Amino acid sequence: MSKFGERFKEVLAENNLSQSAFAKRIYLSQGIVNNYCTGKREPSLDVLILICKELNVSADYLLGLTD
């Protein structure tokens, strides 16, 4: 699993959000969000920015650049 996937799953859990609920919130399929969580896929820059804004978390944190 990628660092992004691990941290993304962690932040979703901290916000009490399921993958499905978050996917609906940002207009993506649950499958795509699952792929982000499992590390099978990385979000585009535009989607990364959207995720960061929706979850109020920095991209540096999600990408494993900071703690």
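Q: Hi! Looking at this one now: is asparagine 56 buried or exposed?
A: Hello! This is a predicted model, and in it asparagine 56 counts as exposed, at 72% relative accessibility.

Q: Where does asparagine 56 lie?
A: You'll find asparagine 56 in the loop between H4 and H5.

Q: And what is the phi of asparagine 56 near?
A: Its phi is near 55 degrees, a positive value in a residue other than glycine. For context, most residues other than glycine have a negative phi.

Q: OK, what about asparagine 16, what's its phi?
A: Asparagine 16 is not a glycine either, yet its phi is positive, about 55 degrees. Its place is in the loop between H1 and H2. Asparagine 16 is exposed as well, with a relative accessible area of 73%.

Q: Which residue follows H3, by the way?
A: That's glycine 39, and its phi is positive too, near 85 degrees.

Q: Let's go inside. How many residues are in the largest nonpolar core?
A: The largest nonpolar core has 19 residues. Those with the most contacts inside it are Phe4, Phe8, Leu12, Phe22, Ile51, Leu55 and Leu62.

Q: Which elements give two or more residues to it?
A: Helix H1 (3-14), helix H2 (19-25), helix H3 (30-38), helix H4 (45-55) and helix H5 (59-62). The largest share, 5 residues, comes from H4.

Q: Back to phenylalanine 4: leaving aside neighbours within four places in sequence, what is it in contact with?
A: With those neighbours set aside, phenylalanine 4 is in contact with Tyr36, Glu42, Pro43, Leu48, Ile51, Leu62 and Leu63.

Q: Nice. At what angle do H1 and H4 pack?
A: They pack at about 30 degrees, and their axes are 11 Å apart. Angles under 35 degrees count as roughly parallel, so H1 is roughly parallel to H4.

Q: Is the crossing left-handed or right-handed?
A: H1 passes H4 in a left-handed crossing. On the H1 side, the contact is made by Phe4, Phe8, Val11 and Leu12, while H4 brings Leu48, Ile51 and Leu55.

Q: One more helix: which residues are buried in H3?
A: Val33, Tyr36 and Cys37 are buried there. They cover an arc of only 100 degrees around the axis, so they sit on the same side of H3.

Q: And what covers the buried residues of H3?
A: The cover includes H1, H2 and H4.

Terms used: Residues are numbered from 1 along each chain as its sequence is written. This is a predicted model: local features need pLDDT of at least 70, side-chain atom pairs count only at pLDDT 80 or more; totals for chains, interfaces and linings use all residues. Side-chain values use heavy atoms; hydrogens and water are left out. A nonpolar core is a set of buried Ala, Val, Leu, Ile, Met, Phe, Trp, Tyr and Cys residues joined through side-chain atoms within 4.5 Å. Buried means under 20% relative accessible area, exposed over 50%, partly exposed in between (1.4 Å probe, protein chains only). Helices (H or I, at least four residues) and strands (E, at least two) are DSSP runs, numbered from the N terminus. Contact means heavy atoms within 4.5 Å. The arc is that of the directions from the helix axis to the C-beta atoms. Axes are lines fitted to C-alpha atoms, for helices over the stretch in contact, and angles run from 0 to 180 degrees between N-to-C directions. Angles under 35 degrees count as roughly parallel, over 145 as roughly antiparallel, 65 to 115 as roughly perpendicular and the rest as oblique. A crossing is left-handed if the near helix is turned anticlockwise from the far one by less than a right angle, and right-handed if clockwise.
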